[in-house]
Amino acid sequence: MTSKVTYLGDLRTASIHLQSGTEIISDAPLDNNGKGEAFSPTDTVANALASCMMTIMGIKARDLEVDLSGSIAEVTKIMNAEPRRIGAIEIVFVLKGTDDSKQKTILERAAMTCPVFLSLHPDIEKRITFDWI
């Protein structure tokens, strides 16, 4: 078992990662009867995509001896109304660590192989931008 999710009431859950004991609280968003006081389940999906892509880039960057520390990903989740589902995820990566165009290409391509990216339904539009600073 990977995690345990407990319904806390009032459209909120607590998820415990069993290996580490780390807890994530989720809350229904304002536009779906919730308080919006924490990540919604669909927010965590969009965030997982950015985290996964950044992690895969980090693995490849380590192999290339590139330090991506301080790089960020700005995540926007866009919901569709009918049926209610994630329609698009926009991620703008603002990346530090290299000026080498070959390394940038390798890292960008690696990001697109992340397991979350490959697991998301093809109808979810993925708008990915890489900005190197």
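I started with Arg127 and Glu125, whose side chains meet in a salt bridge at 2.9 Å, N to O. The model is a predicted one. I looked up the accessibility of each partner. Arg127 counts as partly exposed, at 33% relative accessibility. Glu125 is partly exposed too, with a relative accessible area of 40%.

Next I noted the total, which comes to seven salt bridges. I then followed Arg12. Arg12 forms a salt bridge with Asp27, and their closest N and O atoms are 3.3 Å apart. This pair links distant parts of the chain, with Arg12 in strand 2 (residues 12–17) and Asp27 in strand 3 (residues 23–27), 15 residues apart. Arg12 also meets Glu37 in a salt bridge, at 2.8 Å from N to O. Glu37 lies in the loop between strand 3 and helix 1, 25 residues from Arg12. I therefore recorded Arg12, Asp27 and Glu37 as linked in a network of salt bridges, a salt bridge being a nitrogen-to-oxygen approach within 4 Å.

How exposed or buried is Asp27? Asp27 counts as buried, at 1% relative accessibility. Glu37 counts as exposed at 55%, and Arg12 as partly exposed at 23%.

Three strands form an open sheet in the order 4-5-6, with mixed pairing. Strand 4 (72–80) and strand 6 (125–132) are the edge strands. Neighbouring strands are turned by 10° against each other on average, direction ignored. Strand 5 (residues 85–95) pairs with strand 6 in the parallel sense, over eight bridges. I found Phe93 opposite Phe130 in strand 6. Helix 1 (residues 41–63) packs on the sheet and touches strand 4, strand 5 and strand 6. The direction of helix 1 makes about 35° with that of strand 5.

Technical notes
Residues are numbered from 1 along each chain as its sequence is written. This is a predicted model: local features need pLDDT of at least 70, side-chain atom pairs count only at pLDDT 80 or more; totals for chains, interfaces and linings use all residues. Side-chain values use heavy atoms; hydrogens and water are left out. Two strands pair if DSSP finds at least two bridges between them. Helices (H or I, at least four residues) and strands (E, at least two) are DSSP runs, numbered from the N terminus. Axes are lines fitted to C-alpha atoms, for helices over the stretch in contact, and angles run from 0 to 180 degrees between N-to-C directions. Contact means heavy atoms within 4.5 Å. Buried means under 20% relative accessible area, exposed over 50%, partly exposed in between (1.4 Å probe, protein chains only).
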